[in-house]
Amino acid sequence: MGKLLLAPMEGLVDDVLRDVLTRAGTYDLAVSEFIRVSGSLLPIRTFHRICPELLHASRTRSGTPVAVQLLGSDPACLAENAAQLVELSPAGIDLNFGCPAPTVNRHGGGASLLADPDQLFCIAAAVRRAIPQAIPFSAKMRLGISDTARTLDCARALAAGGIVSLVVHARTRTEAYRPPAHWEWVARISEVVQLPVVANGEVWTTDDHCRCCAVSTCQDVMIGRGAVADPFLAERIRALAVGVVIATDRSHDWCRLLPLLASFWQQVCAKVSARHAPGRLKLWLGALRRNFVEAEALFIAVRSLRGVAEVTRELLRHGVPVLPAIDYCESRVSDSRNSPLHLRERERG
């Protein structure tokens with residue numbers, strides 16, 4: 001079978017969830033949330049903050065390589081930051097031409113650039129000159145802003161600019177995340193560019209993956225929200241590919257998910273403030289409800305809770321093997337004092 005990639009998802013999949021999801025399923029590559037580049041050379045700490053995996057050979061704890069995604073519209077500035085990123089030895093550098101967020105698009109970033117294929121070429125070519133051939137250089141695009149009139153021109157421009165692979169989110173910016181995904185357009189793009197194309201959009205199940213590959217004519221698929229809703233989706237896709245019968249009863253998978261939920265909660269509590277931690281858990285549980293009835297019950301139980309201690313107690317009550325709440329406070333202090341970034345700051349005085 002082809003490759004499976006874990007999609008970048010701003011505000012949803014950070015290093016914590018990347019760690020958990022790549023432990024639950026085998027991915028060939030993950031891509032970080034975007035790093036916004038706008039008019040200045042970013043400090044090293046910005047790259048480390050968005051992609052802490054750079055401090056660990058650009059890999060998650062399970063060994064999945066993580067490419068770093070850049071977002072911006074200034075070719076020279078993007079190239080300068082890409083050159084700085086090269087010094088951190090990323091597993092790859094990716095350019096974002098797919099983000100549909102109004103705040104990003106109002107400032108000329110993300111999918112708004114699909115209105116100007118020439119600008120796409122200028123950006124890709126500038127970044128290509130700034131990074132060595134040994135570092136994989138990719139881009140992610142949508143089909144256009146409100147229509148597909150320039151889809152093929154955009155793909156050709158990026159290919160001419162020097163990218164070595166292209167991920168296509170098979171919807172326009174206007175369509176955002178509404179179904180369906182137009183996988184047939186991924187096939188059309190594959191016909192006009194001489195490089196690997198990866199299909200993305202609306203892959204929630206193993207059946208979706210099979211249909212996506214068939215319609216898009218691509219064997220490589222990037223999974224986003226489907227992976228968040230079903231952490232074992234990549235595993236199930238790979239099992240099906242070798243003829244293993246996959247279970248329809250997900251109760252066993254829920255039991256396997258419990259320690260990953262515990263790890264997620266511990267890492268979130270160590271990373272963010274106590275007032276924000278419950279919201280992060282609820283966000284993931286809200287997605288898991290699509291596949292696990294147990295997640296629905298747990299989501300309802302914690303939905304109105306705001307404190308770390310009370311959320312922890314509810315997790316324990318539902319079988320999630322978490323530490324007592326007081327241990328999280330101590331763990332957070334210890335983790336922050338012993339983090340790679342903190343240790344480097346201490347070494348610098």
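Arg-238 has a relative accessible area of 22% and is therefore partly exposed, where buried stands for under 20% relative accessible area, exposed for over 50%, and partly exposed for the range in between (1.4 Å probe, protein chains only). The model is a predicted one, in which local features need pLDDT of at least 70 and side-chain atom pairs count only at pLDDT 80 or more, while totals for chains, interfaces and linings use all residues. Residues are numbered from 1 along each chain as its sequence is written, and side-chain values use heavy atoms, with hydrogens and water left out.

**Salt bridges**

Side chains of opposite charge can pair when their charged atoms come close. With a salt bridge taken as a side-chain nitrogen of Lys or Arg within 4 Å of a carboxyl oxygen of Asp or Glu, the count comes to 18 salt bridges. Three of these pairs are set out below.

| Pair | N to O distance | Location |
|---|---|---|
| Asp-28 and Arg-238 | 2.9 Å | loop between helix 1 and strand 2 (29-36); helix 10 (residues 233-241) |
| Asp-15 and Lys-271 | 2.6 Å | helix 1 (residues 15-24); helix 11 (residues 251-271) |
| Arg-317 and Glu-314 | 2.6 Å | both in helix 14 (residues 308-317) |

Helices (H or I, at least four residues) and strands (E, at least two) are DSSP runs, numbered from the N terminus. Asp-15 and Lys-271 are 256 residues apart; Asp-15 is buried at 17% relative accessibility, whereas Lys-271, at 38%, is partly exposed. Arg-317 and Glu-314, by contrast, lie 3 residues apart, about one turn of the helix, with Arg-317 exposed at 62% and Glu-314 buried at 14%. Elsewhere, salt bridges that share partners join Asp-230, Glu-235, Arg-236, Arg-250, Asp-253 and Arg-256 into one network.

**Annotated regions**

UniProt positions follow the numbering used here, with feature names shortened, and annotations may be inferred rather than shown by experiment. An unreviewed UniProt entry places the feature "active site" at Cys-99, a residue in the loop between strand 4 (93-97) and helix 4 (102-105). Cys-99 counts as buried because its relative accessibility is 11%. Leaving aside neighbours within four places in sequence, Cys-99 is in contact (heavy atoms within 4.5 Å) with Phe-34, Leu-71, Val-104, Asn-105, Gly-110 and Ala-111. Thr-103 lies in helix 4 and, at 45% relative accessibility, counts as partly exposed.

The unreviewed UniProt annotation "domain: DUS-like FMN-binding" covers residues 5-237, over which the chain is 38% helix and 16% strand, with the end C-alpha atoms 12 Å apart.
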